[in-house]
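Have the model open alongside the text.

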Amino acid sequence: MTASTETGHPNVLAKAVREGLFAGVIAFFMFLLFVGIETYQDINNTLVWRTRWGLLAVFVAVAAVGRFLTVGFIKPHIDRRKLAKAKSGVLEISENKSFFHRHFLKIALIFLVLYPFLSLMIVGKQGSLKYVDNFGIQILIYVMLAWGLNIVVGLAGLLDLGYVAFYAVGAYSYALLSSYFGFSFWLLLPMSGILAALWGIILGFPVLRLRGDYLAIVTLAFGEIIRLVLINWTDVTKGTFGISGIAKASFFGIWSFDSGTTNNFVKAWGLSASSVYYKVFLFYVILALCMLTAYVTIRLRRMPIGRAWEALREDEIACRSLGINTVTTKLTAFATGAMFGGFAGAFFATRQGFVSPESFVFLESAVILAIVVLGGMGSLTGIAIAAVVMVGGTEVLREMAFLKVVFGPDFTPELYRMLLFGLAMIIVMLFKPRGFVGSREPTAFLKERKAVSGSFTKEGHG
Amino acid sequence: MAPGTTTMTNGINGDTILKVEHLSMKFGGLMAINDLSLEARRGEITALIGPNGAGKTTVFNCITGFYKPTMGMLTLQRRDGKEYLLERLRDFEIPKLAGVARTFQNIRLFSGLTVLENLLVAQHNALMKASGYTILGLLGLPAYRRAVDASIEKAKYWLDKADLTDRADDPAGDLPYGAQRRLEIARAMCTNPELLCLDEPAAGLNPRESAALNTLLHQIRDEGVSILLIEHDMSVVMEISDHVVVLEYGQKISDGSPDHVKNDPRVIAAYLGVEDDEVEEVIAEELDGGQR
């Protein structure tokens with residue numbers, strides 16, 4: 001026992017060398033075709049290939065040395081620390097959380113409310129366009145979408161792979177109704193949500209008999225059908241050209257953000273013209289929508305319907321034996337989730353000023369689902385953190401111009417977004433198999449509120 | 001009128017709660033239940049026993065709506081005189097309208113919910129109505145708050161009966177096996193049933209837990225709830241049941257008081273595995289007064 005945990009012991013080192021070599025061999029064969037050989041087009045437009053042995057050698061060396069160090073030094077070190085801890089008899093459960101930990105939600109909320117002003121103060125008007133729009137609004141849209149999907153997947157345990165369809169319904173509802181009839185954003189926002197919820201029910205009725213994988217496949221198909229209708233129904237949706245010139249949201253009808261109008265926000269307040277005011281306004285709109293989603297989710301969880309959703313995730317047959325109508329329960333979950341997708345869609349349309357079917361591909365559904373799974377199914381905090389990591393990570397990648405120095409001038413960092421996604425997923429699933437927040441808050445308690453460990457909750461089966 | 005409701009009395013007298021008539025259930029070519037008729041009386045504990053594969057659980061699944069019987073009529077009479085034809089109700093309507101609750105052979109708890117939450121989910125229909133189908137509840141009206149308080153009181157009552165008050169805030173999946181069995185019964189009782197169907201409640205319990213279960217079942221019966229149970233443990237059956245029905249190969253072979261059934265030669269033959277032609281012999285011995 002002690003011999004095997006000692007660093008530098010010949011046994012451990014021999015094992016480390018062996019495993020390091022093994023990892024190197026595997027890496028060699030894995031990367032041989034991907035990295036070792038490169039194809040490109042020459043002047044005559046023919047495809048030729050050349051070898052990159054040097055780069056391949058770097059990959060293999062990293063794998064082999066990494067494995068050697070892990071097995072030979074890092075692992076014995078961790079084991080020894082664990083053993084020392086077990087010997088001293090100190091359990092890792094501490095009742096006193098740090099100040100930051102206890103007030104995390106309040107701090108996060110205050111930060112979000114102050115965020116546009118902080119960025120205005122630090123980087124000025126022009127600079128904060130990027131931080132408010134690309135980071136703030138973009139992340140919050142995904143937070144809202146993921147919280148909406150969380151109701152369906154995280155609470156009710158229904159695997160929905162076509163959630164982006166409801167996002168599309170919301171976006172096109174706003175785009176079409178505002179450009180054909182000229183209705184305002186504040187009227188169409190609730191309407192988009194209701195229309196999306198209606199589509200949720202329409203989808204729900206035929207498919208809710210299905211469970212598990214079958215339900216996932218049909219919802220996937222539904223997402224694609226909506227997209228194909230948007231592409232091919234060119235008379236109404238203008239097909240792949242999309243709908244442009246969608247009206248901006250106004251400040252509750254009081255001030256407009258369109259330049260040239262009499263009640264222009266900038267003129268009314270005597271400010272210098274800049275689009276940053278509109279972005280800041282949009283930031284607060286989506287923040288308010290997110291808060292609404294969170295509030296409704298938290299309230300619903302404590303209502304009988306929310307408990308029925310979670311019970312449905314745990315055991316559908318038991319639900320029916322207790323007199324719960326599982327069909328209406330599933331439908332309400334679908335409709336509620338879809339409604340928030342619809343809200344987010346309407347917001348997306350007004351923010352972009354342009355919608356096309358390209359924004360509603362399957363990949364979007366997968367990204368939203370990945371955020372829900374990474375965050376920990378059912379946990380609002382975890383999902384918000386996951387959205388910041390995943391969406392913010394993508395945006396940060398755009399900023400990393402210095403990577404071009406390392407990988408050469410034709411390196412485009414955002415193309416590696418999916419690689420980041422996969423890497424993040426693997427890392428989180430290795431260390432936190434239940435997502436960032438793996439435990440569940442009970443909705444009622446007699447004496448004390450104890451978090452339910454993720455090992456007891458189920459993922460649902462249909 | 002709700003589906004499955006009849007107002008005409010179907011030959012049921014007041015003290016019968018459940019009447020099963022000519023029930024048959026076929027799975028493909030297999031006749032799991034063949035022309036079974038039985039009655040459960042109000043306020044009694046009726047036990048359904050029989051060797052493995054006799055069709056006991058199938059009868060349960062027909063009564064509680066998980067299977068649609070191939071043939072037959074299942075009439076349930078509630079205290080207020082309303083009768084329900086169970087084979088015409090959808091599965092979730094049987095607990096909701098007819099007041100029949102059940103437990104499962106392999107425990108089906110909501111393991112990720114706490115013990116208290118399990119009992120609150122069972123009161124779903126009452127709470128849904130009180131919350132105005134969620135809409136009034138979102139506004140936080142006082143009527144809904146009172147309903148919530150009442151539901152927690154009820155949960156506490158059954159927690160106390162099932163001796164689970166100390167574990168109320170723990171996840172149901174964390175309880176030991178015997179406590180999970182008791183919780184499943186408490187959860188079924190929170191739906192306000194008139195007939196409680198228990199599928200092998202004593203399976204896997206040690207003698208002490210088994211005795212505690214007997215006390216719980218007697219308490220439930222004393223509250224006026226009729227019980228129908230499947231059980232293998234003969235000590236439980238003989239001790240607590242008022243009326244025993246014995247099944248073999250989907251047919252009823254004996255029906256009566258525990259003492260009557262215990263001494264029925266056909267039951268002994270079914271349990272001890274006597275060849276068919278020997279049954280006559282056994283009966284003949286019985287008639288000679290050669291009881292063990």
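A crossing is left-handed if the near helix is turned anticlockwise from the far one by less than a right angle, and right-handed if clockwise. The crossing of H7(A) and H8(A) is right-handed. The crossing of H2(A) and H3(A) is also right-handed.

This is a predicted model, where local features need pLDDT of at least 70 and side-chain atom pairs count only at pLDDT 80 or more. Residues are numbered from 1 along each chain as its sequence is written.

Helices are DSSP runs (H or I, at least four residues), numbered from the N terminus. Axes are lines fitted to C-alpha atoms, over the stretch in contact, and angles run from 0 to 180 degrees between N-to-C directions.

| Pair | Axes come within | Crossing angle |
|---|---|---|
| H7(A) (residues 185-207) and H8(A) (residues 212-232) | 11 Å | roughly 140° |
| H2(A) (residues 10-34) and H3(A) | 8 Å | roughly 150° |

Angles under 35 degrees count as roughly parallel, over 145 as roughly antiparallel, 65 to 115 as roughly perpendicular and the rest as oblique. H7(A) is therefore oblique to H8(A). H2(A) and H3(A) are roughly antiparallel.

In the H7(A)–H8(A) contact (heavy atoms within 4.5 Å), H7(A) supplies A:Trp199, A:Leu203 and A:Val207. H8(A) supplies A:Leu215, A:Val218, A:Thr219 and A:Phe222.

H3(A) covers residues 53-88. Buried residues (under 20% relative accessible area, 1.4 Å probe, protein chains only) of H3(A) include A:Leu56, A:Val60, A:Val71 and A:Pro76.

Notes. Chains lettered and ligands numbered in written order. Heavy atoms only, no water. Helix = DSSP H or I, 4+ residues; strand = E, 2+ residues; numbered from the N terminus. Expected span 1.5 Å × (residues − 1). Buried < 20%, exposed > 50% of the residue type's maximum accessible area, 1.4 Å probe, protein only.
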